[in-house]
Amino acid sequence: MSLDLTKVATQVINMIAGLKEKRAEQEKRLRYALNTINSLPIDLDDLKKKIKAGRTTWLVAEITEGLNLRYPLPPLPPDFTVIAADGSHIDVDRHQSTRCYLINTGAVALTYGSKPEATLSSTPQLYSEDKDLAITPPGGGREQMVEGTVLGVKRSVEECKALVDLASSLPPQNPALALLDGTLILWGLEAYPDFVTDALLINGMLKCLDTLKGFSKDRRLALASYISYPRSTDVLNVLRVAICPNDVPDCDKFCPPEHGRDCEGLNGVRDRDIFMNLLEDGERSALFISPSKIVKNYYNEHKVYFFYLRVGGEIARVEIPQWAAENEELLNLTHGLVFDQCQRGHGYPVALSEAHEQAVVTGADRENFRELVESTLTEEHLPIASSGKSASKRTRWV
Amino acid sequence: MRSINTEVSPKIAEVIEASIVEFTAQCYELYEVPPLGALVKTGDIYGIVSNSETTGLEPGRKPIARGKDETSEEAVYESSPQLSKLLRSHFTAVVVGYKRDDRIHQHLSPQPARIHGFVYLCPPEEVEEFSKSFTFLNILLNAYAPIPVEELIFATLKQMGHVRDDSRSFLVAAGKELAKQLSSNITRLKNILEKLK
């Protein structure tokens, strides 16, 4: 039976009516947020101390400069290259006897200026060996299967490796930007044991970032990840701290759940709402530093900075490693090229959208992949075992 | 299975669809399609280009207008260098004969072209040799083409005439052959002959 849209329609109407009612309240909260950000003192030392000393239940961005600063769009270099990688995967199917997963990595290099050039490619990689299917703790113990969230993280690492490959073959004279989709922060690892972080972050992602940083010493190479329509509230939470009446904010101590909180007047506002009101098209915000625990513990010289960028009718979050953030030339290159990519891509970086097109694995591709595995098993006279649930989904009857 | 191409002249395209009556080939270079009516060859099969088009590489991705703020058409491609990798030019050729034991046969090949077979534009001397006989005109007259068959025949004979010193007498001879084959369809014959004047 397909989805009964007539039954859903009434629920949709009620949902929209609810949103409409909340609009005036949301607008009021946004005004409060904007008034707060625009009335912060120029000297932010006290606020920095308050953030550092505070014990909040939400993550607060580290601030580096005035929160409401705006930077105009820098000029573009005459010739430049943008490289990007994106991935897609087919997860382990626990209903099938053959345990394996596939990562398809799309890689793109676009060169603009006097010698325009494009390279588009995709690399599918099948993983089926024991060492690929599980991460084993040193000295033995309970291993971590590579599937679900962990596979998603492994895919991010593979994307970063593809960027390294692309960067290594770039012509040295052109300034270049390496782009990833989403966040540089491997949040997903926070729920897993340290040996998983060792394998995927320390010996995976961060190694790639080390290499990219190494490349940037010999040439102008910046690295950024692009988050479209971000939901983050890291900067909004700075404002919560700023308006907190307690000298040292401590949510659990002063504001247990049954008590009202002064900062509730900012509920529901996101960073993007604030910066949509602050920034003009092409402008970027001040730089902030991610407060994420995993960044603090592991990223070191790749500590994740971020800024917001106004791209037409949208605010994007751009994350960059510390070495790119502290180098004004690379920071400006990132700002200019990310915006330019969005202009060329009608609102989203064209290199990322092409990398995605290279990587995408459709529903039909997944089915073809499953059939390929099964037909190869048959050719080799091996049994094709699959679960009853899987079979019932594929062969439907009345 | 048909023999694999071993031609040495530059290949222009590669077969991506093939049947007994026609084959479609993707060009290696964007927009570098052979002209309508050109004689092409893949393996030992000859074809006459009956249609060509340039489209998005993937069926779900349609090209969009990009040049509003650009000063020239070249600038559109320069500011989006990926376009040349995302568009493809391809053409369809009607099968009009094949070569076996060094002899040209002007009728359908017993087997279709190979997928991924390289496609070559026939050099003038081969065009001249092929067009010594007009039997292929009958195949064209009965071909299923997305363009009017009269246009296809006109374009083909023009292309074949170009490689000859005396194209006039070639076209006259072709006209006589058409008059024989179209004796029962005077209107069609008139249409073609009008174009050949």
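The model is predicted: local features need pLDDT of at least 70, side-chain atom pairs count only at pLDDT 80 or more, and totals for chains, interfaces and linings use all residues. Residues are numbered from 1 along each chain as its sequence is written, and chains are lettered from A in the order in which they are written.

Start with helix α6 of chain A, residues 234–243. Helices here are DSSP runs of H or I with at least four residues, strands are runs of E with at least two, and both are numbered from the N terminus. Is α6(A) enclosed or open, and why? It is largely enclosed by the rest of the structure, because 9 of its 10 residues are buried. A residue is buried if 20 or more other C-beta atoms lie within 10 Å of its own, exposed if 12 or fewer, and partly exposed in between, with C-beta atoms placed from the backbone. Among the buried residues of α6(A) are A:D234, A:N237 and A:R240. The buried residues pack against α1, α2 (45–53), β1 (62–63), α8 and β9 (288–289) of chain A.

One of the buried residues of α6(A) is A:V238. Leaving out residues up to four places away in sequence, A:V238 touches A:I51, A:V60, A:A61, A:I63 and A:L67. Two residues are in contact if their C-beta atoms, placed from the backbone, lie within 7 Å. A:V238 also belongs to the largest nonpolar core, which has 96 residues. Such a core is a set of buried Ala, Val, Leu, Ile, Met, Phe, Trp, Tyr and Cys residues joined through C-beta atoms within 7 Å. A:I83, A:L163, A:A178, A:L179, A:V238 and A:A351 touch the most other members. A second, separate core of 39 residues includes B:A18, B:F136, B:L152 and B:L178.

Now look at how α1(A) meets α6(A). Their axes are 10 Å apart, and the helices pack at about 75°. Axes are lines fitted to C-alpha atoms, for helices over the stretch in contact, and angles run from 0 to 180 degrees between N-to-C directions. The two helices are therefore roughly perpendicular, a label for angles of 65 to 115 degrees; under 35 is roughly parallel, over 145 roughly antiparallel, and the rest oblique. A:A33, A:T36 and A:I37 in α1(A) meet A:L236, A:L239, A:A242 and A:I243 in α6(A).

Helix α1(A), residues 5–38, also crosses α8(A), residues 271–278, at roughly 65°. On this side, A:L30, A:A33, A:L34 and A:I37 in α1(A) meet A:D273, A:I274 and A:N277 in α8(A).

Turn to chain B. It has 7 helices and 7 strands. From the N terminus on, the elements run β-β-β-β-α-α-β-β-β-α-α-α-α-α. Of its 197 residues, 30% count as buried. The C-alpha atoms fill a box of roughly 55 × 40 × 30 Å, taken along the principal axes.

Find B:L30, in the loop between β2 (22–27) and β3 (39–42) of chain B. B:L30 is partly exposed, with 15 other C-beta atoms within 10 Å. B:L30 and B:S84 are 54 residues apart in sequence, yet 6.6 Å apart in space, C-alpha to C-alpha.

Last comes the meeting of the chains. Here 7 residues of chain B are in contact with 10 residues of chain A. On the chain B side, α1 (73–79) and α2 (83–86) each give two or more residues.
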